[in-house]
Every structure is written in C-alpha cells, then in structure tokens.
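User: Could you walk me through this protein model, one question at a time?

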Amino acid sequence: MKKVMVRAWEIAKQGQAKFGGKVKEYFAQALKMAWAETRKVVITTTSGSRKWKSWVARITGKDARFGFAREFVNPVAESGMAGKEFELNNGVYEVCNAGERKFIKVIDGQVINVSKSEVVA
C-alpha cells in the first residue's frame, strides 16, 4: 500500500511539473494510475528463431480472415537469447512462445489459462 501511495505522489508531481497547478489536483488520477501499475503482469517468452517467432497479442474481437482481431503488445525488455518480457493489463491474450500458442486471461494481476473455445464465447 505504501508503495502505491509513494508512486501516486511521484506521478502527481510529474503532472504538476508538466502542466502546472498544484500537486494535489493531480493526485486522484495519479492514484488510479499507480493502482493500474500494480495490476500489471509480466510474461517472459523465449527468444524464438527465424522460423518460430515469439509474440503476445491482446484479443480485441473477431476477425473474418484471421479468426481473432489482435493488437500486438510491444516487449518492454529484450535480453537476447534469454527472451522478451511483456507487461500485460487485464484482458485476454494470445501468447506465441517460439511456435507454441496458448490463450491466457489476465484478471487483477492473475494469469488464467483458457481454451480457444472460451475465447470465442
């Protein structure tokens, strides 16, 4: 809890420095942003190869051509052969880890494996 409050004040001070005004005017929104940061999940994939890429995509709906409409997530860290790290918020994602695909659902910082039929529904 203390870390969230400290982070919220940091965000509020950044807002005040950028836009002016008083720090407390930014605190309510900064607190929401700080809580959202604590709910993020970090997924690590292997580096893959030329043939088998590693990626993460948020499922945003259905698509006639590909089955699912996807929004690809950019990695926050890439450490060569060790792999890539992705920060995920709440939602449904498709994870391709060097050719092995699976679907996951992120709910308040918890990762739940789901089947393709559950994603379609």
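Here are some questions and answers about helices, cores and contacts.

Analyst: Before we start, this is a predicted model, in which local features need pLDDT of at least 70, side-chain atom pairs count only at pLDDT 80 or more, and totals for chains, interfaces and linings use all residues. Residues are numbered from 1 along each chain as its sequence is written, and side-chain values use heavy atoms, with hydrogens and water left out.

User: How far apart are the end C-alpha atoms of helix α1?

Analyst: Helices here are DSSP runs of H or I with at least four residues, and strands are runs of E with at least two, numbered from the N terminus. The expected span is 1.5 Å times one less than the number of residues. Helix α1 has 18 residues (2-19) and should therefore span 26 Å, which agrees with its end C-alpha atoms, 26 Å apart.

User: Which helix do the buried residues of α2 pack against?

Analyst: In α2, the buried residues are Phe27, Ala30 and Ala34. They fall within an arc of 55° and so line one face of the helix. The face turned away carries the exposed residues Ala28 and Lys32. The buried residues pack against α1.

User: How many residues make up the largest nonpolar core?

Analyst: A nonpolar core is a set of buried Ala, Val, Leu, Ile, Met, Phe, Trp, Tyr and Cys residues joined through side-chain atoms within 4.5 Å. The largest one includes Val41, Phe86 and Val106. The elements giving two or more residues to this core are β1 (41-45), β5 (84-88), β6 (91-97) and β7 (100-107). In all, the core has 10 residues.

User: Which residues does Lys116 touch, not counting residues up to four places away in sequence?

Analyst: Lys116 lies in helix α3 (residues 116-120) and counts as exposed because its relative accessibility is 53%. Lys116 and Phe103 are 13 residues apart in sequence, and their C-alpha atoms are 6.7 Å apart. Counting contact as heavy atoms within 4.5 Å, Lys116 touches Phe68 and Phe103.

Technical notes: Buried < 20%, exposed > 50% of the residue type's maximum accessible area, 1.4 Å probe, protein only. Arc of directions from axis to C-beta.
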